[in-house]
Amino acid sequence: MRKTLLTLLLVLIAATGLFASGAREVTADERVVLVLSVEVEDGGVYRLTVQDQDGNVVIYRADAVNTVLSVPLEQVSAGSVLALKDNGIMTMSIPPQMYATELRDLTLGVAAGAYDFTFAELDEMGQRIVAAQDDANVLWPMELGEGIEERFSYAYGYNVGRDYTAQDVTFRASYYARGVLDFWNGVAADQLLMPIESMSEAVNTYIDTVYSQNIPENVGPSPRSMDEIYAIEGFEDDDLSQRFSYAYGYVTAFQDYYYGIAVDPEAYVMGILSQMYGVTPLLDEGERASAVTDYITQLQEQYNAYLAELATTNLERAEAFLAENAAVEGIVTTASGLQLETVSEGTGATPSASDTVTVNYSLRDIDGNTIDYGNEVSFPLSNLIPGFSEAVQNMKVGGETIAYVHPSLGYGEAGAGTVGPNSLLIFDIELVGIDEPSEG
């Protein structure tokens, strides 16, 4: 009965022309969304989980005081179609959240045919569902190898694309991909689509004039092959969106490189294109998580192998240096293997292992690079590495010594901070004084 009455009401409204007068066009600063769920917080604030026409899921908060409403919020439910305006402030959460400043209900207009909106079907993970047979109409048939780097790169690209979508950032996908490829393939500066020094300006201009103004964007035509991306020769009429996308792809790749994330560029591009165009991914959610885990495990294994090799090399260099240095005039080798070279004798007292001393010191590596220093620093000798502590106990206040410390008397195979595993340490030490023990 309710459905019949609603249908009759819509026919009547459409027939009399009353509805048409109220079906005003959606403006550029409104976002058309489909409501997926509604929750009510304490204080009457509504949390509307919505999906826009591009498949992006966002949570909008609204209330009767701070939101201009065309209908009471109690009438908004799952399946409602709304036109929303927001305050332009988006959280970094997933899904992102915003506050609705205006809310207009378009549900009746959609039912009457006054509006024509389509919303993609989402899966349980909030990802857009695209029929497998449609994939070939969007992107070329993509193939992914079984290598860890390749699978990780695809998963990483897909997940990066999802993060961009969550932040409502839209790229002209082919140009973003070309920027990534140009960086990782080491394209010469004079062969890039735009000068590196112009990239920051393109990004900032786009943010100021497009992104921050909530101007709708699109991913552009889908490439039909990787070769088509490589064949891009420039920008159409100095198109800002294309320039921004290329620059951001190049800069993103540089940031990954800077932070030590190395990717297979074409696999990464396939991953991010899969997400941007909403095709069925080559790796599902669980497979992408496994690819990332496998890659991290491989990196850790490679790093451990590197440290082990470095420890062996450093120890060999340290012992070769000390063997040659032991024959230098003025070098004294103690029973522990510590080598000392007295620069000036000093005239004061000699500290014991339980004393706290004040020193000036610098630390050099085997190549002569200064990696640490301190002026009038107080140390309890019991808290220091054995080589430094022993060196100071062989000094008098006012004296200066150079200590050549075998790795076993220093930081050993573990290393510390900028000190690599099994590194030889060379300290220049001046013993300024022996601190008086505190009372009590």
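1. In this predicted model, Phe254, Tyr257, Tyr258 and Tyr259 together make a nonpolar surface patch of about 560 Å². One of these residues, Tyr258, is found in helix α8, which covers residues 240-258. Tyr258 counts as exposed because its relative accessibility is 60%, and the cut-off for that class is over 50%.

2. Turning to the sheet, six strands form an open arrangement in the order β7-β8-β11-β12-β9-β10, and their pairing is antiparallel. The edges are taken by β7 (331-333) and β10 (370-380), each of which has a single partner strand, so one side of each is left without a neighbour in the sheet. From one strand to the next, the twist averages 25°. As a general point for a reader new to such folds, strands of a sheet pair through backbone hydrogen bonds, either parallel or antiparallel.

3. Within this sheet, strand β9 (residues 356-364) and strand β12 (residues 425-434) pair in the antiparallel sense over eight bridges. A reader who wishes to locate this pairing in the structure may look at Val359, whose bridge partner in β12 is Leu431.

4. Helix α10, made of residues 285-325, lies across β7, β8 (339-344), β11 (400-405) and β12, and it runs at about 135° to β11. Helix α11, made of residues 386-393, also packs on the sheet, where it touches β8, β9, β11 and β12; the direction of helix α11 makes about 45° with that of β12.

Terms used: Residues numbered from 1 in each chain as written. Predicted model: local features only at pLDDT ≥ 70, side-chain atom pairs only at ≥ 80, totals over all residues. Heavy atoms only, no water. Patch = residues over 30% accessible without salt bridge, like charges linked within 9 Å, V, L, I, M, F, W, Y side chains within 5 Å. Areas by Shrake-Rupley, 256 points an atom, 1.4 Å probe, with all protein chains shown as cover. Salt bridge = Lys/Arg side-chain N within 4 Å of Asp/Glu carboxyl O. Helix = DSSP H or I, 4+ residues; strand = E, 2+ residues; numbered from the N terminus. Buried < 20%, exposed > 50% of the residue type's maximum accessible area, 1.4 Å probe, protein only. Pairing = 2+ DSSP bridges. Axes fitted to C-alpha atoms, helices over the stretch in contact; angles between N-to-C directions. Contact = heavy atoms within 4.5 Å.
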